[in-house]
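Please read each point with the chain in view.

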Amino acid sequence: MYLIGLTGGIASGKSTVASALADLGAVVIDADRLARDVVEPGSPVLANIATEFGADLVGPEGALDRPKLGAIVFGDAAALARLNAIVHPAVRVLTNERIRAAGLANPLAVVVYDVPLLVEAAVEHPFDLVVVTQATPDTRMQRMVGLRGMSQDDAARRISSQAGDADRLAIADVVIDTDGTLEHTLRQVDELWERVRGDGNTAGTKSVGGRI
């Protein structure tokens with residue numbers, strides 16, 4: 001099994017790259033999806049969030065009110081750290097289960113762990129390659145406001161709540177520039193896939209850093 005850690009700041013094109021890798025045959029494990037799974041109605045994690053941040057965060061049907069929680073934690077580093085301390089351990093357990101299952105299903109699988117907070121959560125999986133998606137702050141702001149309907153202030157808070165570009169680039173083996181056209185991004189993904197298929201013969205060794 002060949003394990004890729006895929007990360008990038010919000011609106012940096014990470015989901016586009018993950019989707020393209022899935023189309024090429026990779027097994028994609030989405031950390032955001034797992035983070036939603038661990039706070040399903042009735043879960044211990046949701047109960048702990050309600051205890052820490054208030055029972056009014058749980059709606060009448062038992063689901064987490066995500067916008068209300070976001071308003072509490074984004075822009076408040078201490079509150080975000082308390083939330084992460086509740087959610088991250090549960091996500092880590094679920095991630096390990098999914099990675100193990102992918103390897104059992106196909107020992108030659110290319111598995112992509114799509115994790116926005118790879119730096120912040122100190123993820124320590126034995127990655128063969130760490131891929132970072134990169135776009136300028138202006139591009140990311142335009143995407144968040146124009147495509148996601150966020151306000152400028154909300155977008156700025158989301159960006160500031162994450163690790164800085166320098167922190168992500170410091171751990172990157174490969175950087176995919178998503179500032180250009182979709183075709184430009186997909187061409188880099190194709191190049192990455194060719195590299196991964198070549199590296200697959202020596203999976204388990206750390207690849208030399210580079211920029212695509």
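**Notes on helix packing and the sheet**

1. The crossing of helices H3 and H5 is right-handed. The model in which this crossing is seen is a predicted one. The axes of H3 and H5 cross at roughly 165 degrees and come within 10 Å. An angle over 145 degrees counts as roughly antiparallel, so H3 is described as roughly antiparallel to H5.

2. Which residues bring H3 and H5 together? From H3, the residues are Val-45, Asn-48, Ile-49, Glu-52 and Phe-53, and they meet Ala-79, Arg-82, Leu-83, Ile-86, Val-87 and Ala-90 in H5.

3. Helix H3 spans residues 44-53, and within this stretch Val-45, Leu-46, Ile-49, Ala-50 and Phe-53 are buried. Seen down the helix axis, these buried residues fall within an arc of 140 degrees, so they line one face of H3. The cover over the buried residues of H3 includes helix H4 (66-73) as well as helix H5 (77-105).

4. What does the face of H3 turned away from the buried side carry? It carries the exposed residues Pro-44 and Thr-51. After H3 comes Gly-54, which has a positive phi near 125 degrees.

5. The strands form an open sheet. Five strands are arranged in the order S2-S3-S1-S4-S5, and their pairing is parallel. At the edges stand S2 (27-30) and S5 (174-177); each has a single partner strand, so one side of each is left without a neighbour in the sheet. On average, neighbouring strands of this sheet are turned by 25 degrees against each other, with direction ignored.

6. The pairing may be followed strand by strand. In general, strands of a sheet pair through backbone hydrogen bonds, either parallel or antiparallel. Here, S2 pairs with S3 (residues 110-114) in the parallel sense over four bridges, and Ile-29 stands opposite Tyr-113 in S3. S1 and S4 are joined in the parallel sense over five bridges, with Val-130 in S4 as the bridge partner of Gly-5. S4 and S5 pair in the parallel sense over four bridges, and the bridge partner of Gln-134 in S5 is Asp-177.

7. Is strand S4 mostly covered or mostly uncovered? S4 is mostly covered, since six of its six residues are buried. Leu-129, Val-131 and Thr-133 point one way from S4, whereas Val-130, Val-132 and Gln-134 point the other way, and all of them are buried.

8. A helix also lies over the sheet. Helix H1 (residues 14-24) lies across S1 (2-8), S2, S3, S4 (129-134) and S5, and it runs at about 155 degrees to S1.

9. Helix H6 (residues 137-146) and helix H7 (residues 152-160) have axes that come within 9 Å and cross at roughly 130 degrees. H6 and H7 are therefore oblique to each other, and their crossing is right-handed. The contact is made by Arg-140, Met-141, Met-144 and Val-145 of H6 together with Gln-152, Ala-155, Ala-156, Arg-158 and Ile-159 of H7.

Note on methods:
Residues are numbered from 1 along each chain as its sequence is written. This is a predicted model: local features need pLDDT of at least 70, side-chain atom pairs count only at pLDDT 80 or more; totals for chains, interfaces and linings use all residues. Side-chain values use heavy atoms; hydrogens and water are left out. Buried means under 20% relative accessible area, exposed over 50%, partly exposed in between (1.4 Å probe, protein chains only). Helices (H or I, at least four residues) and strands (E, at least two) are DSSP runs, numbered from the N terminus. The arc is that of the directions from the helix axis to the C-beta atoms. Contact means heavy atoms within 4.5 Å. Two strands pair if DSSP finds at least two bridges between them. Axes are lines fitted to C-alpha atoms, for helices over the stretch in contact, and angles run from 0 to 180 degrees between N-to-C directions. Angles under 35 degrees count as roughly parallel, over 145 as roughly antiparallel, 65 to 115 as roughly perpendicular and the rest as oblique. A crossing is left-handed if the near helix is turned anticlockwise from the far one by less than a right angle, and right-handed if clockwise.
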